Amino acid sequence: MIAHKEEMRMIRAEKYRDKRDDSQNRIVTIPNILSLFRLCLIPVFVWLYCAEKNFVWTGVILILSGVTDTVDGFVARHFHMTSNLGKVLDPVADKLTQASMLFCLLTRFPLMAVPLAVMVVKECFMGITGLMVIRRTGHVFGADWHGKVTTWLLYAMMILHVFWYDIPGSVSAGVITVCVGMMLLSLILYGLHNIRAIRGKTD
């Protein structure tokens, strides 16, 4: 009887693992659709900002992008719609959105070159170490708290500069400095996390 119960427990555990693996490999999910939607918004706000000089609607589209970013994360976590594709697609949509908006703002605020440069360095480093982690562990890690804070600070900084056309130089520099500081902290924490993951597998 004990052996039979143990066998049934192992069968149920195996079915649960199979179901979890299937969910991780799903492609068409609400969070993934929202991430694709954010990608489609990029040319819209670039055109509005650079060609039309319509800063109000640029800000509205940027806010919409930020809201959908929060919604897709909430849906993924609370309705068990996380997937390996989503773990890659979501940050790609975020970084392309942020980089595109920073390029737009760079036309009016030269200091935007600093967060843009930090972002390029951070993403290159994270991309290299992230691929090493996947090779070593077979896992794709999601965003940590500091990554989410960095994302929201970036969105707040960009939205502020879009709507506040005549923002004073000192205020602009202060906001950018805070944002860059958080980006550097996130880079350090992600770097330590990835290095530990790599060493933990190879040791």
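Buried means under 20% relative accessible area. The views below show a predicted model.

**View A. Ser65, a buried residue of helix H3.** Ser65 lies in helix H3. Its relative accessibility is 0%, so Ser65 counts as buried. Leaving out residues up to four places away in sequence, Ser65 touches Arg38, Leu41, Thr97 and Tyr155. Phe37 is 28 residues from Ser65 in sequence, and the two C-alpha atoms are 8.4 Å apart in space.

View B. The side chains of Arg38 and Asp90 are joined by a polar contact of 2.8 Å. With neighbours within four places in sequence left aside, the residues in contact with Arg38 are Ser65, Thr68, Asp69, Asp72, Asp90, Ala93, Asp94 and Thr97.

**View C. The largest nonpolar core.** This core has 29 residues. Tyr49, Met101, Leu102, Leu105, Met157 and Met158 have the most contacts inside it. At least two residues of the core come from each of H2, helix H3 (55-78), helix H4 (84-106), helix H5 (113-137), helix H6 (145-163) and helix H7 (169-202). H6 gives the most, with 6 residues.

**View D. Contacts of Leu102.** Leu102 is among the residues with the most contacts inside the largest nonpolar core. Leaving aside neighbours within four places in sequence, Leu102 is in contact with Met112, Pro115, Leu116, Met119, Leu154, Met157 and Met158.

Conventions. Residues are numbered from 1 along each chain as its sequence is written. This is a predicted model: local features need pLDDT of at least 70, side-chain atom pairs count only at pLDDT 80 or more; totals for chains, interfaces and linings use all residues. Side-chain values use heavy atoms; hydrogens and water are left out. A polar contact is a pair of N or O atoms within 3.5 Å; within protein, one must be able to donate a hydrogen and the other to accept it, and residues adjacent in sequence count only if both atoms are side-chain atoms. Contact means heavy atoms within 4.5 Å. A nonpolar core is a set of buried Ala, Val, Leu, Ile, Met, Phe, Trp, Tyr and Cys residues joined through side-chain atoms within 4.5 Å. Buried means under 20% relative accessible area, exposed over 50%, partly exposed in between (1.4 Å probe, protein chains only). Helices (H or I, at least four residues) and strands (E, at least two) are DSSP runs, numbered from the N terminus.
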